[in-house]
Amino acid sequence: KSDLDARWRRDLALGLAFMSGDIAAYRRALGAISEPAAWQRAMAARLDGKTAETLEILREGYPQRFERPLRNPSLTSPYDYIDVGSALAAVGETAQAHEVLRVGMKLGSKLPRKGNWSEVIALSLLGDYSQACKSIEQSASRGEFLGLLVLPVDPDLATLRAQPCFAPAYA
């Protein structure tokens with residue numbers, strides 16, 4: 001029981017750090033996990049702007065997400081595709097990045113909770129800033145927004161934050 005409790009506390013600390021937008025705390029919480037999952041390490045690398053490291057972790061851990069074309073993608077969560085799409089876009093593999101992002105959004109739209117930062121990031125990486133802002137507003141108005149506090153610090157949203165629609169949507 002104590003091992004399970006400790007694991008739950010570590011996972012909770014990691015989730016709370018991320019959702020509060022505290023990337024340094026996310027890194028510290030990740031460091032407390034003896035063998036973090038590939039997606040946890042990839043997210044930390046992405047949030048730190050370490051594209052090469054993110055790609056290396058993801059290609060090793062999830063090679064099926066890099067197939068061309070994506071045949072039968074299986075995502076373990078609606079956030080999986082963001083790290084892959086972001087890393088691919090950062091190295092100039094735009095067409096594949098857009099494919100991954102669109103497939104991920106489609107898979108994520110089938111989930112009961114839609115108000116996630118992943119949709120906002122995907123729309124932003126696809127260049128659809130107006131819809132990204134609408135997604136923020138709609139999700140927050142329904143009280144369904146997970147990860148709201150990470151929006152002002154996520155490196156993938158720098159361009160979105162510069163858009164006139166971001167500040168009012170976030171407010």
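Thr 54 counts as buried because its relative accessibility is 1%; buried means under 20% relative accessible area, exposed over 50%, and partly exposed in between (1.4 Å probe, protein chains only). Thr 54 sits in helix α4 (residues 51-61). Helices (H or I, at least four residues) and strands (E, at least two) are DSSP runs, numbered from the N terminus. The model is predicted: local features need pLDDT of at least 70, side-chain atom pairs count only at pLDDT 80 or more, and totals for chains, interfaces and linings use all residues. Residues are numbered from 1 along each chain as its sequence is written, and side-chain values use heavy atoms, with hydrogens and water left out.

**Thr 54 and its surroundings**

- Not counting residues up to four places away in sequence, Thr 54 touches Ala 42, Ala 45, Arg 46, Asp 83 and Ala 87; contact means heavy atoms within 4.5 Å.

**Helix α5**

- Nine of the eleven residues of α5 are buried, so the helix is mostly covered.
- The buried residues are Asp 80, Tyr 81, Ile 82, Asp 83, Val 84, Gly 85, Ser 86, Ala 87 and Leu 88.
- They pack against α3, α4, α6 (94-109) and α7 (117-125).
- Val 84 lies in this helix, which spans residues 80-90.
- Val 84 counts as buried because its relative accessibility is 0%.
- Leaving aside neighbours within four places in sequence, Val 84 contacts Leu 58, Arg 65, Phe 66 and Val 100.
- Val 84 and Arg 65 are 19 residues apart in sequence, and their C-alpha atoms are 7.4 Å apart in space.
- Just after α5, Gly 92 takes a positive phi of about 85°.

**Helix pairs**

- Axes are lines fitted to C-alpha atoms, for helices over the stretch in contact, and angles run from 0 to 180 degrees between N-to-C directions.
- Helix α1 (residues 2-19) and α2 pack at about 165°, with axes 8 Å apart.
- The pair α1 and α2 is therefore roughly antiparallel; angles under 35 degrees count as roughly parallel, over 145 as roughly antiparallel, 65 to 115 as roughly perpendicular and the rest as oblique.
- The α1 and α2 crossing is left-handed, meaning that the near helix is turned anticlockwise from the far one by less than a right angle; clockwise would be right-handed.
- Ala 13, Leu 14, Ala 17 and Phe 18 of α1 meet Ala 25, Tyr 26, Ala 29 and Leu 30 of α2.
- That contact has eight nonpolar, no polar and no charged residues; Ala, Val, Leu, Ile, Met, Phe, Trp, Tyr, Cys and Pro count as nonpolar, Asp, Glu, Lys and Arg as charged, and the others, Gly among them, as polar.
- The axes of α2 (residues 23-31) and α3 (residues 38-47) come within 10 Å and cross at roughly 150°.
- That angle makes α2 roughly antiparallel to α3.
- The crossing of α2 and α3 is left-handed.
- α7 and α8 (residues 129-141) pack at about 170°, with axes 8 Å apart.
- These two helices, α7 and α8, are therefore roughly antiparallel.
- Five nonpolar, three polar and one charged residues make up the α7 contact with α8.

**Nonpolar core**

- The largest nonpolar core has 44 residues, and Tyr 26, Trp 117 and Leu 160 have the most contacts inside it.
- α3 gives the most to this core, with six residues.
- A nonpolar core is a set of buried Ala, Val, Leu, Ile, Met, Phe, Trp, Tyr and Cys residues joined through side-chain atoms within 4.5 Å.
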